[in-house]
Amino acid sequence: MQSTLAIIKPEILKKGLSGKIISIIEEHGFRISAMKMVHLTKDQAGRFYHVHRGKFFFEELTQYMSSGPIIVMVLSGDNVIERWRSLMGATDPSKAKEGTIRKLYGTDIQRNAVHGSDAPETAAFEISFFFSKMEIENGS
Ligand code: GDP
């Protein structure tokens with residue numbers, strides 16, 4: 001059993017489309033083990049995206065991710081990291097496959113609707129960034 005961190009990004013909440021994304025997640029059989037809404041400060045967004053510090057889009061990305069509330073979730077199941085990234089689609093929505101969330105709901109390479117951890121180590125860091133063990137179903 002694996003867990004991953006999923007985020008519904010600010011522009012989706014602003015557009016009132018978060019329920020659509022949650023429905024897609026449930027329809028695809030993902031187990032939601034934890035979920036909450038948070039509004040990050042720019043500094044917190046920078047700590048979450050620390051691997052991108054120094055990149056040309058870091059400033060814009062942290063500004064955007066702190067521009068409004070987001071919904072953070074822990075998804076759990078076999079191979080969930082890869083399965084969730086596959087349902088998300090490519091980073092750039094214009095290059096994402098038909099039927100993926102980013103193709104359906106992404107606006108551009110930055111405002112691409114959702115986030116998903118890319119490896120088990122990243123997932124562990126990202127889940128613990130937002131959730132205590134007590135907030136996650138089964139403590140897993
Ligand atoms: P992901 O794993 O598919 O989310 O992609 P990355 O880890 O490479 O990038 C993290 C996030 O930074 C993306 O989801 C986008 O929101 C943003 N991002 C990535 N590349 C760019 C870019 O070239 N320009 C801008 N403005 N944002 C980007």
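# Notebook: looking through a predicted fold

**Entry 1, the whole chain.** I began with contacts: of those in the protein chain with a separation of 6 or more, 75% join residues 24 or more positions apart. I kept in mind that this is a predicted model. Next I looked up the elements and found seven helices and four strands. Going along the sequence, I wrote down the pattern β-α-α-β-α-α-β-α-α-β-α.

I looked up the radius of gyration, which is 14 Å for the protein chain; a compact globule with 140 residues would come near 14 Å, so the two agree. Along the principal axes, the C-alpha atoms fill a box of roughly 40 × 35 × 25 Å. I also noted that 46% of the 140 residues count as buried.

In which order do the four strands lie? I read off β2-β3-β1-β4, an open sheet with antiparallel pairing. β2 (31–38) and β4 (114–116) are at the edges with a single partner strand each, so one side of each has no neighbour in the sheet. On average, neighbouring strands here are turned by 20° against each other, direction ignored. A reminder to myself: strands of a sheet pair through backbone hydrogen bonds.

Which residues of α5 (residues 80–88) are buried? My list reads V80, I81, W84, L87 and M88. These cover an arc of only 135° around the axis, which means they sit on the same side of α5. I checked what covers the buried residues and found, among others, β1 (2–8), α2 (18–27), β3, α6 (101–105), β4 and α7 (120–130). Just after α5, I noticed that G89 takes a positive phi of about 95°.

I finished with S66, in the loop between α4 (58–65) and β3 (70–77). Is S66 buried or exposed? Its relative accessibility is 14%, and because buried means under 20%, S66 counts as buried. A polar atom of the S66 side chain lies 2.7 Å from the backbone oxygen of T62. Leaving out residues up to four places away in sequence, I found S66 touching H39, L40, T41 and K42.

Note on methods:
Residues are numbered from 1 along each chain as its sequence is written. This is a predicted model: local features need pLDDT of at least 70, side-chain atom pairs count only at pLDDT 80 or more; totals for chains, interfaces and linings use all residues. Side-chain values use heavy atoms; hydrogens and water are left out. Helices (H or I, at least four residues) and strands (E, at least two) are DSSP runs, numbered from the N terminus. Buried means under 20% relative accessible area, exposed over 50%, partly exposed in between (1.4 Å probe, protein chains only). A polar contact is a pair of N or O atoms within 3.5 Å; within protein, one must be able to donate a hydrogen and the other to accept it, and residues adjacent in sequence count only if both atoms are side-chain atoms. Contact means heavy atoms within 4.5 Å. Two strands pair if DSSP finds at least two bridges between them. Axes are lines fitted to C-alpha atoms, for helices over the stretch in contact, and angles run from 0 to 180 degrees between N-to-C directions. The arc is that of the directions from the helix axis to the C-beta atoms. The radius of gyration is taken over C-alpha atoms; the globule rule is 2.2 Å times the number of residues to the power 0.38.
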